[in-house]
Amino acid sequence: MSEAPVEQSSATLKALSNPLRRKILHHLGVHGPGNSTTIGRAVGESTGTTSYHLRLLADAGLIAEAREHAKGRERWWRLIRADRRMPDLSTLSEADRAAAEALQEVRFDEDLELLGAAFDRIGDSEGWTQGSRGGGHMTLDEMRRFHDEYVKLLQRFAHGPEDAPPGARPVIVRWYAAPDPRA
């Protein structure tokens, strides 16, 4: 399942910058479809609050109704899986650039916390914790192509909760590339 990259819009950047909405997206990504009641219970918020944030996430194109789960007037939601890319910051308005930079900072902080927690339990991971470090010289074009191939590889092996094979577990995978600040 190879997807074309989707550049994140202003609405998407704004939606992703809210910590509660990020928790909701994580819950949907790990547990599959839910409604405002089940999600509210999972993230510790009221149904009204959760419902409001679900509508904003839908407006931003990050989730969609899962009508096959609905009963009566109850609305169920599912994550829309996509290869979402951060837009080129130089093409953004000042407000969108600030939102994108703030989102990147939040993501890096979350990633450091998650990886620290994962590696604190490395002895208990039974082979589930894997890692690699590398580097070298690349042109900007080569780095972009490398990133595209990485995303294709992740799409080939990753599953959502609704189509995960037996024995699959939620895992986090992070990849970053940047010029070496020591060089």
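1. Leucine 153 is found in helix 6. The model is a predicted one, and the points below should be read with that in mind. Leucine 153 has a relative accessible area of 43%, and is therefore partly exposed. Between leucine 153 and aspartate 109 there are 25 Å in space, C-alpha to C-alpha, and the two are 44 residues apart in sequence.

2. Helix 6 covers residues 140-157, 18 residues in total.

3. Which residues of helix 6 are buried? They are Tyr150, Val151 and Gln155. Seen down the helix axis, these buried residues fall within an arc of 135°, and therefore line one face of helix 6. Their packing partner is strand 5 (84-85). On the face turned away from the buried side, helix 6 carries the exposed residues Arg156 and Phe157.

4. Three strands make up an open sheet, with the order 2-4-3 and antiparallel pairing. Strand 2 (34-35) and strand 3 (63-65) are at the edges; each has a single partner strand, so one side of each lacks a neighbour in the sheet.

5. The pairing of strand 3 with strand 4 (residues 76-79) is antiparallel and runs over three bridges. Within strand 4, arginine 78 is the residue that alanine 64 stands opposite.

6. Helix 2 (residues 19-31) lies across strand 2, strand 3 and strand 4. Relative to strand 4, helix 2 runs at about 85°.

7. How many salt bridges does the structure hold? The count is 10. Side chains of opposite charge can pair when their charged atoms come close. Three of these pairs are taken up in the points that follow, starting with one that involves strand 3.

8. Arginine 75 and glutamate 65 meet through their side chains in a salt bridge of 2.9 Å, N to O. Glutamate 65 belongs to strand 3 and arginine 75 to the loop between strand 3 and strand 4, so this pair ties together parts that are 10 residues apart in sequence. Both count as partly exposed: arginine 75 has a relative accessible area of 39%, and glutamate 65 is at 25%. The two also belong to a network of salt bridges that links Glu65, Arg67 and Arg75.

9. Aspartate 180 is partly exposed, with a relative accessible area of 37%, whereas arginine 182, at 75% relative accessibility, counts as exposed.

Methods: Residues numbered from 1 in each chain as written. Predicted model: local features only at pLDDT ≥ 70, side-chain atom pairs only at ≥ 80, totals over all residues. Heavy atoms only, no water. Helix = DSSP H or I, 4+ residues; strand = E, 2+ residues; numbered from the N terminus. Expected span 1.5 Å × (residues − 1). Buried < 20%, exposed > 50% of the residue type's maximum accessible area, 1.4 Å probe, protein only. Arc of directions from axis to C-beta. Contact = heavy atoms within 4.5 Å. Pairing = 2+ DSSP bridges. Axes fitted to C-alpha atoms, helices over the stretch in contact; angles between N-to-C directions. Salt bridge = Lys/Arg side-chain N within 4 Å of Asp/Glu carboxyl O.
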